[in-house]
Amino acid sequence: MPEIARFDGIVITMNFGDHSPPHFHVRFGELSASVTISPLCLDDGDLPSSVWRKVQSWATGREDEP
């Protein structure tokens with residue numbers, strides 16, 4: 001799965017052309033989650049609240065990026 005961002009131990013990946021709804025994947029150590037892009041929400045998995053806030057901050061405003 002192509003990596004599109006890495007920061008603070010958080011890895012963001014996305015399969016382009018993957019199934020709907022549009023989403024990306026987050027890995028943090030042994031934890032993983034799927035995040036729906038619009039509306040931005042944790043779809044599957046679990047992340048510590050501090051990591052979720054960083055992911056939200058990173059994703060905010062990127063919904064329209066190609």
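Colleague: Hi! Among the elements of the protein, which strand has the lowest mean pLDDT and which the highest?

Modeller: Strand β5, residues 41–45, has the lowest mean pLDDT of the elements, at 94. Strand β2, residues 10–13, has the highest, at 97. Keep in mind that this is a predicted model.

Colleague: Good to know. What is the mean pLDDT of the protein, and what share of residues reach 70 or more?

Modeller: The mean is 91, and 94% of the residues reach 70 or more.

Colleague: Thanks. On to the sheet: how many strands, and in what order?

Modeller: There are five strands in an open sheet, ordered β1-β2-β3-β4-β5, and the pairing is antiparallel.

Colleague: Which strands stand at the edges, and why is one side of each left without a neighbour?

Modeller: Those are β1 (3–7) and β5. Each has a single partner strand, so one of its sides has no neighbour in the sheet. On average, neighbouring strands of this sheet are turned by 25° against each other, direction ignored.

Colleague: And what holds strands of a sheet together in general?

Modeller: Strands of a sheet pair through backbone hydrogen bonds, in a parallel or an antiparallel way.

Colleague: Let's take one pair. How many bridges join β3 to β4?

Modeller: Six bridges join strand β3 (residues 23–28) to strand β4 (residues 31–36), and the two run antiparallel. For one example, histidine 23 has threonine 36 as its bridge partner in β4.

Colleague: Is threonine 36 buried or exposed?

Modeller: Threonine 36 counts as buried, with a relative accessibility of 7%. Leaving aside neighbours within four places in sequence, threonine 36 is in contact with Pro21, Pro22, His23, Cys41 and Asp43.

Colleague: Now the start of the chain. How do β1 and β2 go together?

Modeller: They form a hairpin with two residues between them. Four bridges join the two strands, which run antiparallel. Aspartate 8, in the turn, has a positive phi of about 50°.

Colleague: Which residue in β2 is the bridge partner of glutamate 3?

Modeller: That is threonine 13. Threonine 13 counts as buried, at 5% relative accessibility. Beyond four places in sequence, threonine 13 is in contact with Met1, Pro2, Glu3, Ile4, Phe24, His25 and Arg27.

Colleague: Met1 is in that list. Where does methionine 1 lie?

Modeller: Methionine 1 lies in the segment before β1, and at 53% relative accessibility it counts as exposed. Its contacts, leaving aside neighbours within four places in sequence, are Thr13, Met14, Asn15 and His25.

Colleague: How far apart in space are methionine 1 and tryptophan 52?

Modeller: They are 20 Å apart, C-alpha to C-alpha, and 51 residues apart in sequence.

Colleague: New topic, charges. How many salt bridges does the structure hold?

Modeller: Two. In one of them, arginine 6 pairs with glutamate 3, and the closest N and O atoms are 2.8 Å apart. Arginine 6 is exposed, at 57% relative accessible area, whereas glutamate 3 counts as partly exposed at 42%.

Colleague: Which side chains meet at 3.5 Å, N to O?

Modeller: Those of aspartate 8 and lysine 54, in a salt bridge. This pair links distant parts of the chain, 46 residues apart: aspartate 8 is in the loop between β1 and β2, and lysine 54 is in helix α1 (residues 49–59). Aspartate 8 counts as exposed at 54% relative accessibility, and lysine 54 counts as partly exposed at 38%.

Colleague: Last one, the inside. Which residues of the largest nonpolar core touch the most other members?

Modeller: Of its 16 residues, they are Ile10, Ile12, Phe24, Val26, Val55 and Trp58. β1, β2, β3, β4 and α1 each supply at least two residues of this core, and α1 gives the most, with five. In soluble globular proteins, nonpolar side chains tend to be buried together.

Colleague: What does isoleucine 10 touch?

Modeller: Not counting residues up to four places away in sequence, isoleucine 10 touches Ala5, Val26, Arg27, Phe28, Val51, Lys54 and Val55. Lys54 in that list is the lysine from the salt bridge with aspartate 8.

Technical notes:
Residues numbered from 1 in each chain as written. Predicted model: local features only at pLDDT ≥ 70, side-chain atom pairs only at ≥ 80, totals over all residues. Heavy atoms only, no water. pLDDT = per-residue confidence, 0-100. Pairing = 2+ DSSP bridges. Axes fitted to C-alpha atoms, helices over the stretch in contact; angles between N-to-C directions. Salt bridge = Lys/Arg side-chain N within 4 Å of Asp/Glu carboxyl O. Buried < 20%, exposed > 50% of the residue type's maximum accessible area, 1.4 Å probe, protein only. Core = buried A, V, L, I, M, F, W, Y, C linked by side-chain atoms within 4.5 Å. Contact = heavy atoms within 4.5 Å.
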